[in-house]
Amino acid sequence: MFREDLYYRLNILKINLPALRERKEDILSLVDSFIKGHLQQLGKEDIQLSNKVKDILTHYDWPGNIRQLKNICERLVVLSQFSLLTDGDIEKIFIDCGDDNSHPLSGTPPANTQISSTDKNTMNGSSSFLSEIKQLERVRIKEALEKNRYNKTKAAKMLGINRTTLWRRMKELNIEDLLTSSG
């Protein structure tokens, strides 16, 4: 049972914060801030977003609000291999999240976003594409573990994810056998 007097102590100021989908003009400045923060945290070089990526991020509904946007930005930074992020990078990130129907490239694209037939075929998800993503993630995790002498906490920090996420991804990618065999 919740103490009623405690409610009145906490109920000092009400702040109405609209959902991210209702304030699309804030998305790009939030993306910029999150990406810069993650770049600094990981000591990586600056990353630019293509206009198509900006368009996709701006038109997506963000059902998970700012937390989802921040997580996507973190994944973009961690998994980026080049200084310019493209729609293919966004596609990989949303597919990795596990729900193909929730990512911005599924369904009907925004009116001013053009998606090529090649992109549509890729979005429909070939198993080889998904296996390539998993293989890349597996390699990155193994490298981080090796560089940090198999210290999961340090490896997770290097990858820009929390330790629990690292443990879960290791289990999903069958990497935990690497730790048991190495001592």
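Predicted model: local features only at pLDDT ≥ 70, side-chain atom pairs only at ≥ 80, totals over all residues.
A residue counts as exposed when its relative accessible area is over 50%, as buried when the value is under 20%, and as partly exposed in between.

Arginine 149 lies in the loop between helix H7 (127-147) and helix H8 (152-159). Because its relative accessibility is 76%, arginine 149 counts as exposed. Its backbone also deserves attention: the phi angle of arginine 149 is near 50 degrees, a positive value in a residue other than glycine. Tyrosine 150 is placed in the loop between H7 and H8 as well, and it too has a positive phi, of about 65 degrees, although it is not a glycine. With a relative accessibility of 31%, tyrosine 150 is therefore classed as partly exposed.

On the H8 side, the contact is made by Lys152, Thr153, Ala155, Ala156 and Leu159; on the H9 side, Arg163, Leu166, Trp167 and Met170 take part. Sorted by class, the residues of this contact are six nonpolar, one polar and two charged.

The account now turns to the interior. In soluble globular proteins, nonpolar side chains tend to be buried together. The largest nonpolar core of this model has 23 residues, of which Val31, Leu57, Trp62 and Leu69 touch the most other members. At least two residues of this core come from each of helix H2 (27-42), helix H3 (51-59), helix H4 (65-79) and helix H5 (87-96). The greatest contribution to the core is that of H2, which gives six residues. A second, separate core has 10 residues, among them Ala155, Ala156, Met170 and Ile175.

Leaving aside its neighbours within four places in sequence, leucine 57 is in contact with Ile27, Val31, Leu49, Trp62 and Ile90.

Two helix pairs that involve H2 complete the picture. Two packed helices are described by the angle between their axes and the distance between the axes. For H2 and H3, the angle is about 115 degrees and the axes are 9 Å apart. Angles of 65 to 115 degrees count as roughly perpendicular, and H2 and H3 are therefore placed in that class. H2 passes H3 in a right-handed crossing. In this pair, Ile27, Leu28 and Val31 of H2 meet Lys54, Leu57 and Thr58 of H3. The contact of H2 with H3 has four nonpolar residues, one polar residue and one charged residue.

The axes of H2 and H4 come within 9 Å and cross at roughly 45 degrees, and the two helices are therefore oblique to each other. The crossing of H2 and H4 is right-handed. H2 brings Ile27, Leu30, Val31, Phe34, Ile35, His38, Leu39 and Leu42 to this contact, where they meet Ile66, Leu69, Lys70, Cys73, Glu74, Val77 and Val78 of H4. By class, the residues in the contact of H2 with H4 are 12 nonpolar, one polar and two charged.

Terms used. Residues numbered from 1 in each chain as written. Heavy atoms only, no water. Core = buried A, V, L, I, M, F, W, Y, C linked by side-chain atoms within 4.5 Å. Buried < 20%, exposed > 50% of the residue type's maximum accessible area, 1.4 Å probe, protein only. Helix = DSSP H or I, 4+ residues; strand = E, 2+ residues; numbered from the N terminus. Contact = heavy atoms within 4.5 Å. Axes fitted to C-alpha atoms, helices over the stretch in contact; angles between N-to-C directions. Parallel < 35°, antiparallel > 145°, perpendicular 65-115°, else oblique. Left-handed = near helix turned anticlockwise from the far one by under 90°. Nonpolar A, V, L, I, M, F, W, Y, C, P; charged D, E, K, R; others polar.
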